[in-house]
Structure formats: C-alpha cells, structure tokens
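Dear colleague,

I am handing over the structure below, and after it I set out what was found. Please read the notes with the model open beside them.

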Amino acid sequence: PSVTAARPARVARWPTSVTQDVESYLVLLDTVVADARDRFGAGGVPLYASGLSNGVPMAYFYACGRANAVDAILAVAGTQNGGSAAVCQPSRAVGLVLIHGTADPVVPYTGLGLLRAIQDNYDDFKVLNQCGGIDGFALLQNPDGDVEIDYTQPCSRSPGNRRVVFATLLGNGHNWPGDDVGPLGGIELPIGPFGPALNSLDATIQGYDLMRYASGN
C-alpha cells in the first residue's frame, strides 16, 4: 500500500515572534531572491525588501538575519515586538526606511502592549548602524496631509553611508500610502475600518527612492 506523508502545517501570515520558525521563512526568501537573480541576470543588483503591516516583522527578521545580503528595508504601517528587537544583531549596517501614520488604529504609532512605538525601531537602527551626528528633518506639506521626515547622517558602520529614515504621515491610518485602491476593497472613501487613507506620500515610488537613499546607493 502507498503511504502519503502529511504536509507540514503552513500559516497564512509571516512570523511575528522569535519563538516561531523564522529561519525557514528566511530560507524561503533566500531561495526566491536567488531564483530572481538567476532568471534576470541580476547578481550585482542591490537588494531591497519591504513589508506592510504583518509583513513588517518579517522585513526586520530579514534585515537582522540576512544583513550580508540586504541593502535596505522598508517598513510600512508595522512594527516588531520587544523580544524580536532584543535579539536583532545584524552582521553589518542595513538601511532602514519607516513609513507610518499617526492615526493608525491597528499598529499604533506610539505603541501598545507588545507592539513597540515606531520611534523605538528608528532609535534601535541608529545604534545598530552606528549613526552619529545631528539628525536631519524635513516637512512635506500638501493638500492630502503633511509628512514629517527625520533622517540620520551617514552611519559609520560598514558598509558606510547607510542611513535610517523615518517618515511620519500626520493623520494617516493603517494602509499602504499612495495605493489607488480604497481602504474598503475598492470603495473610494477617505476613511474606513483601518483609519484615514491619506495619499500624502507614495510608499511605492518614494519608498523605493528612500530605500536607495538609506542604502547609500
């Protein structure tokens, strides 16, 4: 008689805690990246990774566990818990861009319970990347809402010129800013169960530009 082995259980969400099997997901991402580099002849192209909401902890895991491979990460509307942050020891500097709304009801800007304040992640990577000097600041004003951007000077840890960038979207909720799809699955309303959806910044286009900037490329 034939025997069929049971498939291992798969979860529909990225891991959010170091108590979960993070390494298997890192190996999965390694495989995806290697395949893409091979298919498109992109061996020397800088590697950027981004995460939204639940994907943000995985982006941090990738930066912390695969710092030798990734140049910068983009964390949008998400954070990591204290346990994960405590064990993050990247082998080299990694650029970090944070984009977060002050009116996010799902992942509060100032933190809640096990969820860390977004500012804490900014401060962590300033230390990890050995960023010194006085941070820069820029205010972007537009009809869709203002954006405050804090950014470090070039960090001293190798490879040099990495930065940490923090874009605060005043009054924005839990979303991917700049997305054409409304927060209620295509219904174009300015507010939904995830808070206000203000397109004061395009997390795709400007997020990519900021990752290049944070990586020193």
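**Disulfides**

Cys64 and Cys88 form a disulfide in which the two sulfur atoms lie 1.9 Å apart. Please keep in mind throughout that this is a predicted model. The pair links distant parts of the chain, since Cys64 belongs to helix α2 and Cys88 to the loop between α3 and β3, 24 residues apart. With -90 degrees about the S-S bond, this link is left-handed, and both Cys64 and Cys88 are buried.

A search of the whole structure finds two disulfides, and the other is formed by Cys131 and Cys155, with their sulfur atoms 1.9 Å apart. This pair also links distant parts of the chain, with Cys131 in the loop between α4 and β4 (136–140) and Cys155 in the loop between β5 (147–151) and β6, 24 residues apart. The link of Cys131 and Cys155 is right-handed, with 80 degrees about the S-S bond, and both of these cysteines are buried. When the bonded cysteines are numbered in sequence order, the pairing reads 1-2, 3-4.

**Overall layout**

The protein has five helices and eight strands, which follow the pattern α-β-α-β-α-β-α-β-β-β-β-β-α along the sequence. Of its 217 residues, 43% count as buried. Among contacts with a separation of 6 or more, 61% are between residues 24 or more positions apart. The accessible surface comes to about 11,100 Å², and carbon and sulfur atoms account for 57% of it.

**Helix α2 and the cores**

Helix α2 (residues 55–65), which carries Cys64, is largely enclosed by the rest of the structure, because 10 of its 11 residues are buried. The buried residues include Met58, Tyr60, Phe61 and Cys64, and what covers the buried residues of α2 includes helices α1 (22–40), α3 and α4 (118–128), together with strands β1 (48–52), β2 (72–76) and β3 (95–101).

In soluble globular proteins, nonpolar side chains tend to be buried together. Here, the largest nonpolar core has 30 residues, and those with the most contacts inside it are Tyr60, Ile73, Leu98 and Phe125. At least two residues of this core come from each of α1, α2, β2, β3, α4 and β6 (164–169), and α2 gives the most, with eight residues. Leaving aside neighbours within four places in sequence, Tyr60 is in contact with Ile73, Ala75, Thr79, Gln80, Leu96, Leu98, Asn121 and Phe125. A second, separate core of 17 residues includes Ala72, Val147, Leu169 and Leu210.

**Two further places to look**

Apart from its neighbours within four places in sequence, Ser84 is in contact with Thr16, Ser17, Val18 and Phe61, and Phe61 is itself one of the buried residues of α2.

On the surface, Trp14, Leu28 and Val32 form a nonpolar patch, with about 260 Å² of accessible area together. Val32 is found in helix α1 and has a relative accessible area of 49%, so it is described as partly exposed.

With best regards

Conventions:
Residues numbered from 1 in each chain as written. Predicted model: local features only at pLDDT ≥ 70, side-chain atom pairs only at ≥ 80, totals over all residues. Heavy atoms only, no water. Contact = heavy atoms within 4.5 Å. Buried < 20%, exposed > 50% of the residue type's maximum accessible area, 1.4 Å probe, protein only. Helix = DSSP H or I, 4+ residues; strand = E, 2+ residues; numbered from the N terminus. Core = buried A, V, L, I, M, F, W, Y, C linked by side-chain atoms within 4.5 Å. Areas by Shrake-Rupley, 256 points an atom, 1.4 Å probe, with all protein chains shown as cover. Patch = residues over 30% accessible without salt bridge, like charges linked within 9 Å, V, L, I, M, F, W, Y side chains within 5 Å. Salt bridge = Lys/Arg side-chain N within 4 Å of Asp/Glu carboxyl O. Disulfide = S-S within 2.5 Å.
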